[in-house]
Each structure stands twice: as structure tokens, then as C-alpha cells.
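Dear colleague,

Please read them with the sequence open beside you.

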Amino acid sequence: MNTIGTRLRLTIFGSSHGPGTGCVLDGVPPGIEVDREDIQREMDLRRPSGALGTPRTEEDLVEVLAGVVDGATTGAPVVLFIANRDTDSSKYERFRTTPRPGHADLTALKKYGESADLRGGGQFSGRMTAPMVAAGAVAKEVLRTIGVQVAAYTQKLGPIEDREERTFKEVRRQGRDNPVRAADPAIALDMIHEIMEARTEEDSVGGVVRCLTVGLPIGVGEPFFDSLEGELAKMVFSIPGVKGVEFGAGFRAAGLRGSENNDAFQVRDGDIYTVTNNAGGVLGGLSNGMPLDMKVAFKPTASISREQKSVDLERMEDTTIKVEGRHDPCIVPRAVVVVEAATALVLADLCLRGDFIA
Ligand SMILES: Cc1cc2nc3c(=O)[nH]c(=O)nc-3n(C[C@H](O)[C@H](O)[C@H](O)COP(=O)(O)O)c2cc1C
């Protein structure tokens, strides 16, 4: 439904073209430093960037309605709200009879009938990730108390792939410096070019966000169904546009021999490490002390300017549709901070469940 988490419970509400979106984050321990400006900085990373984005570029101002007093959490639910400003929904009316390919118009209409809210994609809109990002900023503060840090970057955009093994520090340093959130400025230029080309061709591109987490103690995750991978996958698949998740070698592991895939153990400075990280930091559904390494695949943006085949639901016959307006040819750069937030929320919940956080 609209609530996720066990000890740290996130409920999101609102819609793309209603008064706004927001969240209630329950279970945040008292005394966590939370600064509205820090949350706002994360929100700003979700905005479309200049020429790469949609016209809907107004700042998403986050309001802290409850749970924080004098810059620290009180133990009460943290309530965050983001007002909508661009709410002209007239252009969405015709999708009730002619659903847009790649969007949830048809599935929502079949499930909710005439009551379905299709304005701006309603509940299925990428806009619902705004409160996730705000809540994620709080979760990052919770994790910071035990030295856990999360950082993500655009690892692949259309055919442009960053094949370098990136360190956490590199991702942290570069991943916020360019509009596509790439870990390397030269690769960023190629990615920008790819987005521009897709726009010129009235098309869109997808990509892969890679998210690294460092500082996780060994043993985070719960058996059996609440494994670290399972909990993360569930959260990440809630992000609109996500079509795949892998950890470490992921699907590539299926083609390796055990001798190639097993991560050999090693003692270094009194701690146990693995020489490689094909497991992506997870063994038996529990964190193994190595960096958590997750990749999330996003499909190309559904809204494209080209004419597409659809159906007329009233006449029950084939037709075509042209989705008017300017479109974001790639949502991946905006989704980078969303993946970070989703990861931080799950990890904070599991760390609280495992008593890694008091
Ligand atoms: C941050 C973010 C922004 C998004 N913006 C758009 C957009 O501008 N246009 C679009 O077609 N899809 C956008 N999406 C994706 C759609 O909401 C999503 O593809 C659609 O609702 C169908 O859901 P599904 O792809 O998960 O099946 C966005 C997703 C995210 C995470």
C-alpha cells in the first residue's frame, strides 16, 4: 500500500496535481539532527536540470510540519509536505479514453474505474518520489549516527556506460557536480550528448543508477523474507520507472564459475574483508561488511513527443496519440537522489530492527 518499513515506517500521500505530496516518517529516534536546509538540498537534486529537464522546474519547497524542534527530532513522527504549484491538469483528460503507452493510465483506469486520478499520472507519477527524497534525507541523518553513508551516480545512460570501478569517495565527490550525476566529467559530456540527441529525435533514453553504501556493520538484514536484498528491492521497485535491480555481479554471476564468483576472505588490520565484491556486500541476505553495491535499471521516459499507437477505449478501436508539451528525455539523473533516499530508508529501518542504532 502506501506505507513501508517496520521500525522506521514511511507513509507517503498526495498526488501529482492535487494540493501537494508529503510523508509521515514514524520511528525516527529522538535527538537526530535534522536541518530543513539539508532536506532542501536533497530535494533540489531531484529537480530537472536546465535544458535537460521538463518545464516544471519550480523549486520543490519542503515544509517540516512536525517531529522536529530546534533542529532535532523529538521522537514523534516527522511530517514533511511539498506543495504542488504547476497543477494544470486539463491536458490529462483525454488520456481517460486514449491511454499513453508506457504510463499507468490504462492499468489505473481498469483498477479504479472512473475514480482513477490520472492528472499528471496521479499516484503513479514520479512526483511521488519527492516525499521519498525528503524522508530519505532524514534517514541519511539517522544512518550518519553510526557512520553509514550512501552515494549514487549515473553508471549508464542509454548506450553510454561508465565501466570504471568507482570508489565511494569518487562517487561522493563527482556525482553531484554535473547535471547527469555521472562519476566522471568526460563521461558526463557523452551522456548529456545522448540526452540531447534523444530529445532531437522526439525520443527518450533510460539508464542505470549505481548506489554504493559504506560503513554498514556486518549482519544488517533479517531472515528470511526480510533479507537486505529483498527489502531494498521492494523499496526500489516502488520508484516509478524502475525495471531491474541487481547486487554486485548480479545477472553476470549466473555466467561465472564458482571459482570466479566466490569472494575470497582476507584479514586486513584486524578486520575481515573480501578480495572481490561480487556479492555486492550481501551474504545470506545480511550485510557482510563490504560496500553495499546495488544497480537500478530505469526504463526510457514514457512520455515522448512522437506519435504513438494507442487505443480509443470508447470505440474500442486502434488510434494514435501524440503527448503534447516538452518532455524530460531522461529521468535517470533525477532518479539518482531518489535511489539514495530509498536505500537510506531501508538501511535505517533494518539498522533499527537489528539494534545497530540505539
Ligand atoms: C524522479 C522521476 C521523474 C519522472 N518523471 C517522468 C516524466 O517526466 N515523464 C514520464 O513519462 N515518466 C516519468 N517518470 C516515470 C513514470 O512515472 C513511470 O514510468 C510511469 O508512472 C509508469 O510506471 P512504471 O514505469 O513504474 O511502470 C519519472 C520517474 C521518476 C522516478
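In which loop is arginine 181 found? Arginine 181 is in the loop between α4 and α5 (185–200), where helices (H or I, at least four residues) and strands (E, at least two) are DSSP runs, numbered from the N terminus. Before going further, please keep in mind that this is a predicted model, in which local features need pLDDT of at least 70 and side-chain atom pairs count only at pLDDT 80 or more, while totals for chains, interfaces and linings use all residues. Residues are numbered from 1 along each chain as its sequence is written.

**The chain as a whole**

The chain has eight helices and 18 strands. Its radius of gyration is 21 Å, close to the 21 Å that the globule rule gives for 358 residues, so the chain is as compact as a globular protein of that length; the radius is taken over C-alpha atoms, and the rule is 2.2 Å times the number of residues to the power 0.38. Taken along the principal axes, the box filled by the C-alpha atoms is roughly 70 × 50 × 35 Å. Of the 358 residues, 43% are buried, a residue being buried if 20 or more other C-beta atoms, placed from the backbone, lie within 10 Å of its own, exposed if 12 or fewer, and partly exposed in between. Among contacts between residues at least 6 apart in sequence, 70% join residues at least 24 apart, a contact meaning that the C-beta atoms, placed from the backbone, lie within 7 Å.

**Helix packing**

Two packed helices are described by the angle between their axes and the distance between the axes. Here the axes are lines fitted to C-alpha atoms, for helices over the stretch in contact, and angles run from 0 to 180 degrees between N-to-C directions.

Helix α3 (residues 129–144) packs against helix α8 (residues 332–353) at an angle of about 50°, with their axes 7 Å apart. α3 and α8 are therefore oblique to each other, given that angles under 35 degrees count as roughly parallel, over 145 as roughly antiparallel, 65 to 115 as roughly perpendicular and the rest as oblique. Their crossing is left-handed, which is the term if the near helix is turned anticlockwise from the far one by less than a right angle, with right-handed used if clockwise. Among the residues that meet are Met132, Val133 and Gly136 in α3 and Ala341, Leu345 and Cys351 in α8. By class, this contact of α3 with α8 has 15 nonpolar, two polar and two charged residues; Ala, Val, Leu, Ile, Met, Phe, Trp, Tyr, Cys and Pro count as nonpolar, Asp, Glu, Lys and Arg as charged, and the others, Gly among them, as polar.

Helix α1 (residues 36–45) also packs with α3, at an angle of about 140° and with the axes 9 Å apart, which makes α1 oblique to α3. The crossing of α1 past α3 is right-handed. Asp38, Ile39, Glu42 and Met43 of α1 make the contact with Ala130, Val133, Ala134, Gly136 and Ala137 of α3, and by class these are six nonpolar, one polar and two charged residues.

For α6 and α8, the angle is about 140° and the axes are 9 Å apart, so α6 is oblique to α8. α6 passes α8 in a right-handed crossing. The residues in this contact include Leu228, Leu232 and Met235 of α6 and Ala342, Val346 and Leu350 of α8.

**Backbone points to check by eye**

Most residues other than glycine have a negative phi, and most peptide bonds are trans. Arginine 181, although not a glycine, has a positive phi of about 60°, and with 26 C-beta neighbours inside 10 Å it counts as buried. Glutamate 202, in the loop between α5 and β10, likewise has a positive phi, near 50°, but is partly exposed, with 13 other C-beta atoms within 10 Å.

A cis peptide bond, with omega about -10°, joins proline 223 and phenylalanine 224. Proline 223 is in the loop between β10 (207–214) and α6 (228–236), and counts as exposed, with 9 C-beta neighbours inside 10 Å. The C-alpha atoms of proline 223 and glycine 285 are separated by 7.0 Å, although these residues are 62 apart along the chain.

Technical notes
Contact = placed C-beta atoms within 7 Å.
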